[in-house]
Amino acid sequence: MPKFRALMLGSAAIALSLFLGSTPAQVQEKKPIKIGLLAPLTGPLASPGTEMVNGFRQYWNSVNNTVSGRKIEIVVADTTCNPDQALTQARRLALQEKVDLLVGPLCGHEGPAVAQVSAETGVPLVMDPAGADDVTKWKRTPTVIRTAVSSSQIGHPLGEYLYKELGLRNVTFIGADYTFGHEVTLGAVKTFTDLGGKVDRIIWNPVGTKDYSTTVNSIPANTGAVVPIVVGADRIRLFEDWFNYGMDKKHKIVASYWLHEDVLPQLDDRAVGIIGNVLHYVAGIDTPENKAFVDEHIKLYKRVPSWFAESAYTAGLWVKTALEKTNGNIEDRDGFLKAMRTVDVKAPRGPVKLDAYDNPIQNVYVSKVEKVKHPVLGDILMNKPIKTYEAVSQFWTWKPEEFLARGPYKR
Amino acid sequence: MTAIILQAINGLSLAALLFLLASGFTVTFGLMRVVNMAYGAYYLLGGYIGLSVMRTTGSFELAMLVGSVAIVILGFFVDRFLIRPIGSNHLAQVLLTVGVAFFIGEVCLAIWGGDSLKIQLPSYLRGSVELPGGIYYPKLRIALIAFGILTATSLWLLYHKTQIGAVVRAGVDDREMVNAIGINVDRLFVLVSAVASFLAGIAGVVGGAFLTLNPGAEWDILVLALVVVIVGGLGSLEGAVLGSIVVGLLDAYGRWLAPDFSYFVLFGPMAILLLFRPTGIFGKEH
C-alpha cells in the first residue's frame, strides 16, 4: 500500500511537472480544490471505511485528480465510527484545513454530527454513505445532499418483491437493532403488510451479536421465508449457524442486507443461489460503466468492490460532473449545490439523480450469489442482479408529503 | 421442549468459550491483584495468529498451539516489562492494559485488515450431527462444550489436588504469608499468568472458528468475560465456571424469549446480584 501510494504520488508529480512545463500560467491562476473525506479507518468499521477511501481515490486518479483545470486535493480524516470524533474531524477539516467540500461519513449516527458542521460553516457536505432517513426527510440541511442511499429506500422494494414475485404471505425478519436496521426492516414490513402480507416475527439482534444459534432456533416453524438484515461480523455468524442448524433444509431465506462482496470470500459454495441482498448496488451489475469500475478496482486493490467503494466512487463522479458544469468554481457554493442537484449521473450502479429532497432516485437490485471465474481472482462468489426496480424514490410510491406526515420508521 | 433443550446447549457452548477467557482473568487477579484488560486483545491476536497458521499449514491443532504459545510469550513480556513496574496501582493497571489492548488491536488491523475473518474448520468438526427428532446440532459446538468441560476439570484438579494448586490457593488467600514462608509468589505468578495467556490464545483460535475475528471483537468478548468474572466472584475458579454457565444461559434464553431486552437480561441480574453480594457468587472479601 505505501509503495503504491508513493508510486501514485510520484506519477502525479511527474504529470504535474509536465503540465506546469507546458502551460504554467493556467495552473498558477487556479487554486486546487480541497476535499475533506471523512471515513472510519480504525475500529470495527475500518474495512468499509478503507473501501470508501479506495473508491474515492480510484475515481479521482482515473481523471488525473483534475477538474476544469483545477487540481483536486483529498484530505482523509479518521472518524472511528464515533459521532464525537466525526464532529471534531469535520470541524478540523472545515476550519483548519479549510476544505472546499466535505464527503462522508460512513456510519449512520455520524451523519447528523457532520451535517451540523456543514450547517455551521456553510461548507457543502456530500453525504456518503451514511443512510439515516432523517437527513433527506425530516432534518434537512440546505448545504447537505446525499449521493448514496436512504436506509428505507432499499427496504420498500423488498416488501413488494416478497409478496408479488415470490408469492409469500407470511415471513420472519431478523433485524439489526439500530437505526439503519430499523429503517430497512420496517420499510420492508410496511410495503409487505400494506399488500396484505403477515409478519410472523421480527427478531431484533444488537449489532455484534456473538451467537446466532438462538436466533435461528427462534424462527417460527411455519413461516414462509426468513428475511435477514444483518451487518458487520454478524453476517458470517448468521451464515454459519443457518447451515449448521440445518435451517437451509427447513426454511427459505431471502436476504435484504446480508451477503455483500466483502464477506463473500469468507463463505463457500453453500452460498450459491441464495438471494443475498436487495440493494442499490452489487458488483455483478452488467453494464459497461460497472464492468470498467469493477475491473479497475480489482486491478488496484485485489478485491471485489462492495457498495461502499462504488458509493464513494460515484460521489467523486457526481462532484466532478457538477464542477464541470460550474467551470470548477467551488467557491460559489450555491452554484455548486445547484449543479449537484440538477445533473444526471451515469454511475456504475446505474443512472442516478437527486429528488427534490436531495436523495438519489436510483435502481434497486434483487441479487443472487453466483459462482464465477474471474481472470485475476480465480473462482469467486459474485452477487448478480435477478430483478431490477428502476428509478426507486426514497418515498417509494407514496407522495412525499404523505410519507413525511407519517413520520420516521421507529421500533 | 426441544427448543428449551436446544437453547440450553447453545448457551452452554458460549459458556465454554467464555470460561476459557474468564478463568485466566479471574485467577491472575486473585493471585496478583492484577487487572489485565488486555485479555480480550490476547484472544483476538491469538485467533489471528491461529488463522494465519491454519491458512498456511491447514492444521487446526497446530493453529491452536501456535496461537496460544505466541500469547504466552506476549503475556510474559507484558507482565514483566509493563505491568510489574507500575506496582499495585489498579487504576494505572487498567489504563495501561487498556492501552496495550488498543495497541494490539491496531497492530491486528494493520496486519489482517478490517474484514471479518473466519478460521476454516478441519473436516471432522464441520457440519452437524442429526439428533433424534430431526434436530441438527453443529459438531463444533459439541466439541466446544466437551473442551470446556475438559479444561474446567483439568484446572480444578490442578488447583485443588496438586501442590502447585495449593500454593496458588494460599497465595490468593494471603499473599504476604506465602511470601514469608519462602515461596516466590512472583515466580508463581509467571506460571499462572502463562496458563491464563495460553487459555486466552486457545479461546481466540476456537472463537475465530466459532464467532469470527474482526476489529472490535476483543472488546465484545472482554465485556462478557468481565460479567462472568464479576458474577462468579473475582479470583474464584468455581465462580468462573458458574459465571460462564449463568451468562451463557441468560444470553441464550434471553435472546430467545425476550430478544428486545437481550442486554438487560444479561446486565440486569448482574446488577441485582451485586446489590446483595458485591463480591459475586463465590468471591471473597479482599
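**Close-up views of a predicted model**

**View 1. The residue just past helix α11 of chain A.** A:Lys302 has a positive phi of about 60°. This residue comes just after α11(A). The model shown here and in the other views is predicted.

**View 2. Helix α11 of chain A along its length.** The helix runs over residues 288-301 of chain A, 14 residues in total. From first C-alpha to last, α11 reaches 20 Å. That is close to the 20 Å expected at 1.5 Å a residue.

**View 3. The buried side of α11(A).** Six names mark this side: A:Asn290, A:Phe293, A:Val294, A:His297, A:Ile298 and A:Tyr301 are buried. They lie on the same side of α11(A) because they cover an arc of only 125° around the axis. An α-helix has 3.6 residues a turn, so residues three or four places apart point the same way. The cover over the buried residues of α11(A) includes α3 (46-62), α12 (307-325) and β13 (360-374), which belong to chain A.

**View 4. The other side of α11(A).** Here A:Pro288 and A:Lys299 are exposed.

**View 5. The largest cavity.** The count is one cavity of 30 Å³ or more. The largest cavity holds about 50 Å³ of space. From chain A, A:Lys210 and A:Arg237 line this cavity. From chain B, the lining residues are B:Tyr43, B:Leu211, B:Thr212, B:Ala217, B:Asp220 and B:Ile221. Helix α9 (residues 217-232) of chain B gives the largest share of the lining, three residues. By type, the lining divides into four nonpolar residues, one polar and three charged.

Key. Residues numbered from 1 in each chain as written. Chains lettered and ligands numbered in written order. Predicted model: local features only at pLDDT ≥ 70, side-chain atom pairs only at ≥ 80, totals over all residues. Heavy atoms only, no water. Helix = DSSP H or I, 4+ residues; strand = E, 2+ residues; numbered from the N terminus. Expected span 1.5 Å × (residues − 1). Buried < 20%, exposed > 50% of the residue type's maximum accessible area, 1.4 Å probe, protein only. Arc of directions from axis to C-beta. Contact = heavy atoms within 4.5 Å. 1 Å grid on protein atoms, 1.4 Å probe; cavity = no way out; pocket = protein on both sides within 12 Å on 5 of 7 lines; lining within 4 Å. Points joined across faces, edges and corners; volume = space filled by probe spheres on them. Nonpolar A, V, L, I, M, F, W, Y, C, P; charged D, E, K, R; others polar.
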